[in-house]
Amino acid sequence: MSAQSSLEQSLVQQLSSQFKDSVRSSSFKAKRFKITVDETIILKVAEYIRDQLGFDHAASVTGTDFPKDGVIEVVYHFTSYSKDDLRKVVGALAVRIPRDSPKIPSLINVWPSVEYHERETYEMLGVTFEGHPNLKRLLLPEDWSDIPPLRKDFTLPGR
Amino acid sequence: MVKSGALAILVGRLNDVLQYAVGEPLNYLVNWGRIYSLWPVHLETACCSIEFGAASGPRYDLERYGVLEAFGSLRQCDLLIVQGTVNRKVAPRVRMVYDQMPDPKYVISMGACSNTGGLYFDSYNVLKGVDSIVPVDVYIPGCPPRPEAIIQALIMLQNKIKKQKFAPPELKQIETKVA
Amino acid sequence: MTLSVGPQHPGSGHFRLIITVDGDIIVKAEPDPGYVHRGEEKMAEVRNYIQNIPHIERPSIIDASGILYPYVLAVEDLLGKSAPERAQYIRMIMAELNRITSHLYFLSIFGIFLGHSTMFMWPMGDREVFIDLSQMIGGTRITFSHFVPGGVRSDAPDSFADKAEKTCDYFEGRLKEYERIFVNNPLCHQRTVGVGVLTKEDAIKLGVVGPSLRASGVKSDTRRDEPYDAYDKVDFEVPVYSEGDSYARLRVHFDEMRQSMSIIRQCIKQMPKGPVKQKLPPQLRPPAGEAYARTEAARGAMAYYIVSDGGNYPYRLKMNVASFRNLIAIPYLLKGVHLADMPTVYWGLDYWPVEADK
């Protein structure tokens, strides 16, 4: 157990020491770690994670709405196929962006696998991914005119 | 005036005679033809399609009840089985498919979701029942319905078709002309 | 010329592909999903942790246990609890049974796409045998809602072991027949070999999961990479093919069914006696925090990301399903393929639109 958690710990430490001031918070538990950074350097961090640490693909892009803090947290979960010791680890790269104008640079050039996940996050939470080549509606009906459904102020009818 | 009235009576009588002499046997014949050659459209709207697949598989074998495999063009189909949840994006397409089918056509609503919205009663994207866009003949409850329930629904539909009256279109036309 | 394939077409429904063709070569394919989008993630925010179980497994009722498994593990992770040992084995048996039924469904639809009616009928019929088996534990045909945080709802009956053994024996014989009539069939070879090749580098880059990934030569299986429950105590192989074409994907499905049966046999042997459910309060209130749990379902790595604020309901529940991750491979693989090969490439990826749309 200690050998495992030391791997995550070392990954987090490596990232924290590389991007000292921009790292807002970081945490780790067995096989998982999470690092929250400024949205300005997310591209650099992602490139570092891919090239230096060896996480070769992103598994998902998630957005969580926090109306109390006025932010939307966008989380990229990434893991690795090519490095055997990293396969069991799932990392999370998070940014917290203002709710009123949620904009972050797209990571599609770093991890091409985020294409449809970013589109989904765009329509479900209204987060704009700058630089995404095909940022348009994916799952919702063509005539959707309401606010993005996964925002907390969108209430389900009858609830 | 008198003449056309008499003609109307004569045609009415003729109509009655035809109805009894030809209509009833013809009715039976046409309905018999329809009952055992129900062609379902292959329109899967959600997950109930798996159980429809199982129902057309060897164990339940829908074909022995006169329901053919769902691989034809919808232009030759007369049965629309709405297989599961109908959401706001697929709803116009369901209607479009229904409109393109030739008459007579029948609709079976399969599963709780397409009957009433089911498990997704409070979802923002799901229709509360497919009967708001197409007329439904038979509803199958269940989430998903077992293949036996699908077979039962088809037999119910066949019984319904048996009782239908077949109206030859030509006779109707004469009536309207005279009146 | 632009073609609109779906959402109603004789192959498979719920999904639309906008295909641009030059002659009969596909130049560009743009998927248009969302015909089964039901807002599961939003609904999960107004239901408590137990109420969420039935609707979460609906997106993939072919593989109901597979899609529910990571949710249960994520909630257990948040609660800091784990299931009793017997429950872990029962979960594994259910997951493997579902893997087999799901793969058989894959095979039968693959048969349709190749115009091979026998291959629709045989797996559909043999699927019922495994449905009977899972019905003994789960109680219903396909939607079990059988896994709960802290265990499973019901124990396996005593007669299960015998019947499972018999079924596996029967099906191993059948698999040989399948191979003779379908996999080694020249028709199948001509339609699938060398069609829709996904190279290893691209599979990694695109983050493809499941059988499609293993058919491209990447030996990755969440059951091996990050063993959950008792998967580290059973012995199984991860089938890998290096070709990356539709035929390799078909072979991976075949080999995985064999491995699943071997896992079921081992589970029955190793399964200890004991309780199958840990006593938990009826209203689960996991402490604030987040969990990301993943498992290997029939279609590939299935993961849930749950954010809890300590309340009755999940604050945010993200379903990271395998089909949605494989969606990216469809336009990629269809480029440059003959239009007539489109069905084999599309279904070879085992893309299940209901699951992808959530």
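A quick term before we start: a residue is buried under 20% relative accessible area, exposed over 50%, and partly exposed in between (1.4 Å probe, protein chains only). This is a predicted model, where local features need pLDDT of at least 70, side-chain atom pairs count only at pLDDT 80 or more, and totals for chains, interfaces and linings use all residues. Residues are numbered from 1 along each chain as its sequence is written, chains are lettered from A and ligands numbered from 1 in the order in which they are written, and side-chain values use heavy atoms, leaving out hydrogens and water.

Start with chain A. Of its 159 residues, 57% count as buried, and its C-alpha trace spans about 50 × 30 × 30 Å along the principal axes.

Next, charged pairs. A salt bridge puts a side-chain nitrogen of Lys or Arg within 4 Å of a carboxyl oxygen of Asp or Glu. The whole structure has 50 of them over all chains.

Hop to chain B and select B:Lys160 and B:Asp137: their closest N and O atoms sit 2.7 Å apart in a salt bridge. B:Lys160 is partly exposed, at 37% relative accessibility, and B:Asp137 is partly exposed too, at 24%.

Now chain C. Pick C:Arg38 and C:Glu40, which form a salt bridge at 3.9 Å, N to O; both are buried.

Last stop: C:Arg86 and C:Asp155, another salt bridge, with 3.0 Å between the closest N and O atoms. Which of these two is buried, and which partly exposed? C:Arg86 counts as buried at 10% relative accessibility, while C:Asp155, at 32%, is partly exposed.
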